[in-house]
Amino acid sequence: MAEKNLLKLGIPAGSLQHSTAELFEQAGYNIKFSSRSYYPTIDDGEIECLLIRAQEMARYVEQGVLDAGITGHDWVLENEANVVEICELVFSKVSRGPVRWVLCVPDDSPVQSVKDLQGKCIATEAVGLTKRYLAKHGVDARVEFSWGATEVKPPKLADAIVEVTETGSSLRANDLRIVDEVMQSTTRFIANKDALQDPWKKGKLDNISLMLLSCLNAEGKVGLMMNVGKENLEKVLDILPALQKPTISALSNPEWVDVITIVEESVVRNIVPQLKAMGATGIVEYPINKLID
């Protein structure tokens, strides 16, 4: 009997866990977590999930323990992992923007630039990233791995830290100021190189990435449909900030057409009154769950 096709997929534990599960649910995959197991269940018999820290994900994908996984670009670089980034998934714990790795010192520190840290001590979870950053600036400093609570290390346990932030609130709460930005990072869907040589696994990964991206593409967008008299059609089309060319369909009344388009949700409140003033009727706004180009 032929071995069943199975994709080994890493789900990031910790800060990305909930947002990853939400995105997969939007894409049509229902992932369930158990407090007693590191093997989440998924409603796809061809996928086996493993819950693992994002910091370690790239290493296990490179080794082939996992065929693919979700992790930050920062951790791919930190591990210097030889993996393939299938696509960028611009989401994170708090926002849909990138996270920032920043060099920070206490508010009252005399340090004004990275050059002032020559011979000093820097605490961070991203030791490799920090060492490469210092080397780029020609600074020789001691970099110590931080097991957590990095913000409380200065000034007694370290002169500075390199820490990840989204809003900066934790840094401000610990009286830290940013000296420099080390890098920005977004979430990536990564795969093992050998796994991508398997036609079935590559097809499966392409399908998953297509659905994940379609959900992200649809965020903040809605559909609009309306009836427009032909004499007003050009005026209506001129004010529609369409992402694509609107679909125009004939109606039973030959003097009217149906117009369907996709717009940013934020503009609807401004353009609907204009559309009505231009003669559009039966205006309907509807949600967009997935957008596939």
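In this predicted model, Thr71 has a relative accessibility of 0% and therefore counts as buried, the cut-off for that class being under 20% relative accessible area. Thr71 belongs to strand β5, which comprises residues 68–72, and its side chain reaches the backbone oxygen of Ala54 at 2.7 Å. When neighbours within four places in sequence are set aside, the residues in contact with Thr71 are Ala54, Met57, Val76, Thr186, Thr187, Arg188 and Ile190.

The protein is divided into domain 1 (7–94 + 187–218), domain 2 (99–185) and domain 3 (221–287). The contact between domain 1 and domain 2 draws on twelve residues from domain 1 and twelve residues from domain 2, while the C-alpha centres of these two domains lie 29 Å apart. Between them, domain 1 and domain 2 bury about 920 Å², of which 49% is on carbon and sulfur atoms. On the side of domain 1, the residues that lose the most area to domain 2 are Asp74, Trp75 and Glu78, which together account for 51% of what that side buries.

Across the interface of domain 1 and domain 2, nine residue pairs are found in polar contact, with both residues at pLDDT 80 or more, and helix α3 (residues 73–78) gives the most to the side of domain 1 that touches domain 2, contributing five residues. Two salt bridges are found across the interface of domain 1 and domain 2. In the model, the side chains of Glu80 and Arg132 also meet in a salt bridge, with an N to O distance of 3.8 Å.

Helix α4, spanning residues 127–136, has as its buried residues Val127, Gly128, Leu129, Thr130, Tyr133 and Leu134. The elements covering the buried residues of α4 include helix α3, together with β7 (99–106), β8 (121–124), β9 (142–145), β10 (160–165) and β11. Following α4 is Gly138, whose phi is positive, near 70 degrees.

Strand β11, which covers residues 176–185, contains Val182. With a relative accessible area of 17%, Val182 falls under the 20% cut-off and is therefore classed as buried. Val182 and Glu219 are separated by 37 residues in sequence and by 29 Å in space, C-alpha to C-alpha.

Helix α6 (residues 199–218) was considered in terms of its span, its buried residues and its two ends. The buried residues in α6 are Lys201, Lys204, Leu205, Ile208, Ser209, Leu212, Ser214, Cys215, Leu216 and Ala218. At the start of α6, a side-chain oxygen of Asp198 reaches to within 2.8 Å of the backbone nitrogen of Trp200, whereas after the helix comes Gly220, whose phi is positive, near 80 degrees.

Definitions and conventions
Residues are numbered from 1 along each chain as its sequence is written. Side-chain values use heavy atoms; hydrogens and water are left out. Buried means under 20% relative accessible area, exposed over 50%, partly exposed in between (1.4 Å probe, protein chains only). Helices (H or I, at least four residues) and strands (E, at least two) are DSSP runs, numbered from the N terminus. A polar contact is a pair of N or O atoms within 3.5 Å; within protein, one must be able to donate a hydrogen and the other to accept it, and residues adjacent in sequence count only if both atoms are side-chain atoms. Domain bounds come from an automatic or database domain assignment. Contact means heavy atoms within 4.5 Å. Buried area is the accessible area (1.4 Å probe) that two parts lose on being put together, summed over both. A salt bridge is a side-chain nitrogen of Lys or Arg within 4 Å of a carboxyl oxygen of Asp or Glu.
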